[in-house]
Amino acid sequence: MRGTMVPSPSYSTYGQTGLKARTVCRSAATTTTATTTKTASASACRVLSAGSARRRGFPFHPFAAGRPGVFPVVSGPVPRGVSASAKGKGSGKKDDDNPYSDTVLLPQTDFSMRANAKKREPELQQWWRENRVYEELLRQNREAGGDQFTLHDGPPYANGTLHLGHAMNKVLKDIIVKHRLLSGKAAAFVPGWDCHGLPIELKVLQSLKSKERKGLTPMSMRGKARDFALKTIGEQAEQFKRYGVWGDYDRRYQTLDPEYEANQLEVFGKMFLEGHIYRGLKPVNWSPSSRTALAEAELEYPPGHTSRSIYVAMPVVETKEGSGLEGLEGKCSLAIWTTTPWTIPANLAVAVNAEIDYAVCEVEGGSGELLVVAQDLVESLSAKIGKGLVVTKAIKGSQLEGCAYKHPLYDRTSPVVVGGDYITTESGTGLVHTAPGHGQDDFIVGQRYGLGVLSPVDDAGRLTEEAGEEFAGMNVLGDANGAIIEALQREGALLLEESYEHKYPYDWRTKKPTIFRATEQWFASVDGFKADALGAIDSVEWIPKAGVKRIRAMTSDRSDWCISRQRKWGVPIPVFYRKDTNEAVVTEETLEHVIGLVRERGSDAWFELPVEELLPESLRAEAANLTKGEDTMDVWFDSGSSWAGVVSAREELSYPADLYLEGSDQHRGWFQSSLLTSVAVNGCAPYKTVLTHGFVLDEKGAKMSKSLGNIIDPKEIIEGGSNQKKDPAYGADTLRLWVSSVDYSSDVLIGPNIIKQTSEIYRKLRGTLRFVLGNLHDFSEAEAAVSHGDLPAIDRYVLHQLASLAEEVDANFRSYQFSKVFQSIQRFNVVDLSQFYLDVVKDRLYIRGADSFERRSCQQTLRLILDTLLPMIAPILPHLAEDAYQNLPGRQEGDPESIFLAAGGALTACQAWKLDAGDETLRDLEALRTVRGEVNRVAEAARKDKVIGSSLESKVVIRSSSPELLGLLSRYTASDNGVDELRYLFICSQVELQDAEAAEGACEVEGFGNFEARIERAEGKRCARCWNYCDTVGSFAGHEDVCERCHPVVVASAKKAPAAEHVPAV
């Protein structure tokens, strides 16, 4: 097998170890081919010499292929584990003339630089399932006594394909679950689906021909709806799995499951028996397009809605003493304003605010007409109607109470009443047209004054005979408005009609306007437990903190919850009605009997069984006079009961749940319905913490829509589009990395450019892992390990950085700050590894002897980096972490099969590597990195000025008069371990220190002093093997062109040369 030369993640400003002068990679060197298997032992690994690599089509030296920062890869023995899916191909310029090519230790790995995610990720996912990795990790954590952690899944609706909002939501949950599992928690995740309701009914109806729709019975509709929901759930579950989301899919929860439905009915029963549920005639949000009542959470308010608003004069016919209108009967009118002309037939009162000042105004023009209007609105009304209004008298709103007016279209007299704070002088006239059958505030006022409820509108939104023969049959959202306006004008009551743009509720499913309409419905009386609900809110941690204000406000303002729906596909409200009186019959006994039937047969039992069988034995004698109710429950009651149907019903979960995580719109949806049902039944919130995320917008911050053509399908990100060059397959890990990178607490952006940038970050990290894996090909921790105390200073320093990173990352995982996790890992990869440590150690890895301390200590450090970094990235990038682990050399029989089973204790172990704040090594290396940064800058300038070619052609001269800094640098001019030396740190051939004043503007090292650096040509001859310049080249007989470092390696390699050539052909 031949390896392909590919660029590394990033490039340095200067420095190189190689055979030709050119800029080098300062990050991990990288290449292609992938297999996720492991070797039986370190002894089975082959050390491929540069000569062998050359004969297989690889260059002699990693930097000799004409491209910086690349290394060839060859295959080793095929190990066990996950089979490989990608193979590399060789390329690169040969160097047949160099006699030392066989002695350079090049990286070897089958871990491909190309993720090949479209094929590789499904292979890994299948391997996880076959080996039950999630289940095994959960089992191990339980047996070890790990605490339970319950992230309760808010059920997505089972009515279509997934979008990016779904993807972000489920990936966030999976990141949390995987982190908790890796932390030793018993973090079971049970995915769920919301299965009932109108959207699924509509999907079914849309799929049927007109003749088939007419033949639908309630049971056939329910059967088709169930089939559709289950089919959709299966499709969505596969998509979630493709995102890399783990969970108990075999025991997922579905709100259509009989056990779930029975638990939901138990919640209803307990609330009913506690007096929290009642039946009443009240105005509710009604959707004529869906022909059902709607909850607030089922409404949306699209911009741009315009209504036909009207100003109407209601003639006063009765006054009372002290009203200020005495003697003006028949001469004076009340000016009202409404944006719903179709509700005028239902008008039963005019409401005023007792504290507002009103004015009796004469309309200029000689007619003597008088209008009553709020004093602050006289001027605006005058401007609107185009007539002057002269104030003749001022009166308080409280004085008007008890007066009466005649309806301009009907022979009906109605009173003036005092309303509430909803009556203001911000718009209109300050007098409010009141129709108790069509408004919540109107209904409350009407109840106070005993006005009754008039709602002359049917289920389809058509006016009934109660509205009069002239208007009967007209659509309230269509022709009714125009007809009523014409009638008012005919009667001389219309003052003005104008268009008015305002916020108006629409059915979130049909996208059509709704109305307020009084119907007999079942309600949950929130007032009965609202105080407890507000107290429960304060016991919960809300992330972000602004969430508590939102849900408090929504709960405080919550009116009674209409929980009944006029649909067939749902959980029935288990109530019987007496045929002779229409009285509702529901008792503890009837509830228990129905719940038992539903638990056994599902909610279909209510629709298919006769009344006799639905009744308990004690009531069956009354069956002839009883009929079963046809209402079903609001789907928010369905999902809002999931704490009972899932969390408290399953032993692997704990109630209250540790975490609920959904979009910010769920403060008025699932978060609230779950809170209300849980508090009503158990007196506590169903969750300890609630985390919300924003919505996904395109790169320009626009909402995604078909009309704008800016919808991005998560499947296309993962699998690629029809044009793979234009829309490549980035894989699930890139999508997950994007999720981790954004601040989800507000709306987030995504688009082709953002995804491409994210994939580059992924590629850099993959390149680092590939470099590390490639340089561990002949390392066995058991045979060649170096103790931490014996490691060179630079190794101990980078392990300290790694330990600090691990602690920081774990804290951010626990606090759900994933963007900080992303930033920390990216910074460590680029700054601490690619630009520093891995740039410096390439010389040790390639040039030193295979078993030398210098090389083995570095390999030990690389292995520790890998052992810590892989568990760290696994929650976000599970496929990358697993793929790297499966390619880890030196794994033994009996070692954990998966990175998720091998990661236990990684955080605890690495904390031993942390150096004290005052540790000399830490202080020294921080200072030396500052010096190195300045040296890099100067070297790059020298390279541009052609003073040097590669950094190894340079001698670095450092001038300083600071004893502290010179003392530090002097300690690192030479070392006992052959590693901690300035020339290796700077990647140059020589370093000279001069005790002299630094020039003005010199670089400062905090705590040590100033210095300046300059670059000169290196002295001596260049070593033909390592390219370093030194005086010892030419001192060794038979190898006159190598240095003192390379000579013993060359001699040792010559003795092993015959063995090195026996490499099996690939």
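**Exercise 1.** Find the salt bridge that Lys282 forms, and decide whether its two residues are buried or exposed.

*Solution.* 
Step 1. Recall the cut-off: a salt bridge needs a side-chain nitrogen of Lys or Arg within 4 Å of a carboxyl oxygen of Asp or Glu.
Step 2. Lys282 pairs with Asp560; their closest N and O atoms are 3.5 Å apart. This model is predicted: local features need pLDDT of at least 70, side-chain atom pairs count only at pLDDT 80 or more, and totals for chains, interfaces and linings use all residues. Residues are numbered from 1 along each chain as its sequence is written, and side-chain values use heavy atoms, leaving out hydrogens and water.
Step 3. Lys282 sits in strand 8 (residues 277–287), while Asp560 is in the loop between helix 14 (546–556) and strand 24 (561–562). The pair links distant parts of the chain, 278 residues apart. Helices (H or I, at least four residues) and strands (E, at least two) are DSSP runs, numbered from the N terminus.
Step 4. Check burial: under 20% relative accessible area is buried, over 50% is exposed, and in between is partly exposed (1.4 Å probe, protein chains only). Lys282 has 9% and is buried. Asp560 has 17% and is buried.

**Exercise 2.** Describe how the rings of Tyr660 and Trp670 are arranged.

*Solution.* 
Step 1. Rings of Phe, Tyr and Trp (its six-membered ring) pair if their centres lie within 6.5 Å; planes under 30 degrees apart count as stacked, over 60 as edge-to-face and the rest as tilted. The whole structure holds 25 aromatic pairs.
Step 2. Tyr660 and Trp670 are stacked, at 4.3 Å centre to centre with 10° between the planes.
Step 3. Tyr660 lies in strand 30 (residues 657–663) and Trp670 in helix 20 (residues 670–682), so the pair ties together parts 10 residues apart in sequence.
Step 4. Tyr660 is buried at 0% relative accessibility. Trp670 is buried too, at 2%.
Step 5. Widen the view: Trp542, Tyr660, Trp670, Phe671 and Tyr687 form one aromatic cluster.

**Exercise 3.** Name the residues in the network of salt bridges that includes Lys955.

*Solution.* 
Step 1. Start from Lys955.
Step 2. The network links Lys955 with Glu992, Arg1014, Glu1016 and Glu1019.
Step 3. For scale, a search of the whole structure finds 70 salt bridges.
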